[in-house]
Number of protein chains: 2
Amino acid sequence: MSEQKIDSRLWSTKARNLSPYVPGEQSEHDNLCKLNTNENPFPPSPKVGEAVTAVLAHQADELRLYPAPESDDLRAALAQLHGLDINQVFVGNGSDEVLALVFASFFLKERPVLAPDISYSFYPVYAQTFGVELLQIALEADFSIDPDAYRQPCSGIIIANPNAPTGLLLSLSDIRKLASEHSNSVIVIDEAYIDFAYTDEGGSDTAVSAVSLINEFDNILVTQTFSKSRSLAGLRVGMAFGNVSLIEALTRMKNSFNSYPLDKLAQAGATASVLDTAYFEQTLQQVIALRDSLTAQLTALDYKVLPSHANFIFARPKDGNASEIARVLREQGIMVRHFDRPRTQEYLRITVGTAAQHERLISALKALQTQDDAVTN
Amino acid sequence: MSEQKIDSRLWSTKARNLSPYVPGEQSEHDNLCKLNTNENPFPPSPKVGEAVTAVLAHQADELRLYPAPESDDLRAALAQLHGLDINQVFVGNGSDEVLALVFASFFLKERPVLAPDISYSFYPVYAQTFGVELLQIALEADFSIDPDAYRQPCSGIIIANPNAPTGLLLSLSDIRKLASEHSNSVIVIDEAYIDFAYTDEGGSDTAVSAVSLINEFDNILVTQTFSKSRSLAGLRVGMAFGNVSLIEALTRMKNSFNSYPLDKLAQAGATASVLDTAYFEQTLQQVIALRDSLTAQLTALDYKVLPSHANFIFARPKDGNASEIARVLREQGIMVRHFDRPRTQEYLRITVGTAAQHERLISALKALQTQDDAVTN
């Protein structure tokens, strides 16, 4: 676009005033060590490719027909996985689309929606897109969320849990507290990374995910995605779980925007992924083990690493010069994410990668430290 | 949902006031003769399945990575097909998503957007979704569009061309006239069915599509879809062509809503479809020939058939009892569309199907007429 002058004379005021989301950089560079967009280092379940190939082998002709508008098979599989009714499950074209529909369905009211000041950077964009007032509540000094800070009139609350980019987890008891105290507002728990989370007691998944609360609270809506723990960022599937009335609102909003958001291949692939629980558990444990080893390696290099419940870690080098480190790493083809804002500028967000990628990263960081020592001495 | 009570207490006013779009019924019934949703009777190009299979065979692992956010390969293929610059091309998750972004980007202004009173029934839904005022302009008595009726202040104009459900075509000279007379408004020509259109002079595609006008008029935006002429309703891909400034507005709106609307498989499949021009031309001619024969068959049964430029026909049985005919056909597993509104209630909209489907339809209609004659006599 740089060569051509953009003329906004024909745009709506809304279009003129947007500040679009800027996703983490995608690059096709060959020797890239891509640790900047929280993708899974492992491939998706082989059942995904098999399911899509089967559709193409036996039903390629049926691509001429519209897909199931409400993705019934996929929703049924997700409902069964979580012990829910199919009418408690909504799916969309990535959790980004689901979240957009959430803002329009629940937060577009006279009072503001509350969200942490450090969180997913798409939330302020959605607020602007739909004319929703967003009030950002400061994280505590240790980056944790204090539910008491949310005790104020609001249209709703949205919290990423685990939060990004901190990786910290809010407990289910805190989520219960928020839901109880705001019984006339929708509490959205964005669980993009929840499958990587753990409890201090070492409990199972259900002990950290707010999906376990939706039969108890009619105002809790949980969003999740296939992009992280299911290694399917390329397939664009996200979902929401909640009371039937919340799901009905999302369905109506969807059908007022785009009736068929999931194509036939994505529906088949995502369904196969849900059914392959063994593969899912296996790669999850591998990512968690890699997260733990990366945490240990960085700690050994004097980084302060926040306890991560996600597939990324948020870490501060000893002297806080994160911006410079990100720049030098980038020159070497190692991409990590740096958020240049007051409270996050001394930290790097590093996606959990393969052991080989970690080795390359750690070598580069060690070389940097040796250089610095040489300069200092 | 019928069993469970829906409670809208937590919904936004916007969610409460929606009247969602109701798509033509999808059914998995085996012996169904489905002539109600304007899908193509022929399968998509075999290259589509091959391209997706190749992605799965060689790059299944890469489904773990986000897709190209702006679908560059697909946009480049479309640009080349139409002799445009890639920055004059936008793609989305079906033309329904593209149209939603159009309403938000161009029509959300103080004046109303103008559209024909009989047209695609999603337009009033989008208007409601985005708070756009829609002023419907009556079609002429013969269902044609009179450009002079649009000579009034407006935020923009949207016209399906060929129009649905009439199948009638607006000429390029009329579109030029609209664009000239409203140089400060965006004129959206929704060309979902344009590939099936023809000129009375028997000209080529470029002689009917407004894509040929976009280098001349900076206020013409043309939307198209892969769902009809490319037999890919199941893959969810739509596009828009226009001046770079219009495309930039759509891109900004998209990135304020959902950054990655097209998954990797849909991008690969759609690109392969664009490149297979020979298959495209061949199936197009087959559909057009079938439309002509169906028109002749219905005319022989005393139906009044409007001259169709689409892959459906709009036809009135001699006695105008379209509702009853649709009902009886449905009982026999033959689905056609009936719009129960004052000016359309005496017509049926019938999708062009295979020769076998036409035979079944015509037999059923003949049997009905014989019955009627028996009753009359």
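Me: What should I know before I start, and what kind of model is it?
Reply: It is a predicted model: local features need pLDDT of at least 70, side-chain atom pairs count only at pLDDT 80 or more, and totals for chains, interfaces and linings use all residues. Residues are numbered from 1 along each chain as its sequence is written, while chains are lettered from A and ligands numbered from 1 in the order in which they are written.

Me: How many helices and strands are there in chain A?
Reply: Helices (H or I, at least four residues) and strands (E, at least two) are DSSP runs, numbered from the N terminus. Chain A has 11 helices and 12 strands.

Me: What radius of gyration does chain A have?
Reply: The radius is taken over C-alpha atoms, and the globule rule is 2.2 Å times the number of residues to the power 0.38. For 377 residues, a compact globule would come out near 21 Å; chain A has 21 Å, which agrees. Its C-alpha trace spans about 65 × 60 × 55 Å along the principal axes.

Me: What share of the residues in chain A is buried?
Reply: Count C-beta atoms, placed from the backbone. A residue is buried if 20 or more others lie within 10 Å of its own, exposed if 12 or fewer, and partly exposed in between. In chain A, buried residues make up 53% of the 377.

Me: Which residues does A:Ile145 touch?
Reply: Two residues are in contact if their C-beta atoms, placed from the backbone, lie within 7 Å. Leaving out residues up to four places away in sequence, A:Ile145 touches A:Pro116, A:Leu139, A:Ile159, A:Asn163 and A:Leu170. A:Ile145 sits in the loop between β4 (134–137) and β5 (156–160) of chain A. It counts as buried, with 26 C-beta neighbours inside 10 Å. Across chain A, 73% of the contacts with a separation of 6 or more join residues 24 or more positions apart.

Me: How is chain A divided into domains?
Reply: The bounds come from an automatic or database domain assignment. Domain 1 is 25–44 + 278–376, and domain 2 is 46–275. Their C-alpha centres lie 26 Å apart. Where they meet, 23 residues of domain 1 are in contact with 22 residues of domain 2. On the domain 1 side, α9 (277–300) and β10 (312–316) of chain A give two or more residues. α9(A) gives the most, with 5 residues.

Me: Which residues of helix α6 of chain B are buried?
Reply: In α6 (residues 172–181), they are B:Ile175, B:Leu178 and B:Ala179. The arc is that of the directions from the helix axis to the C-beta atoms. Down the axis of α6(B), the buried residues fall within an arc of 95°, so they line one face of the helix. B:Ser173 and B:Ser180 are exposed on the other side. The cover over the buried residues includes β5 (156–160), β6 (186–190) and β7 (220–225) of chain B.

Me: Where does a cis peptide bond join B:Ala164 to its partner?
Reply: It joins B:Ala164 and B:Pro165, with omega about 5°. The bond from B:Asn161 to B:Pro162 is cis, with omega near 0°. B:Pro162 lies in the loop between β5 and α6 of chain B, and B:Pro165 is placed in the loop between β5 and α6 of chain B.
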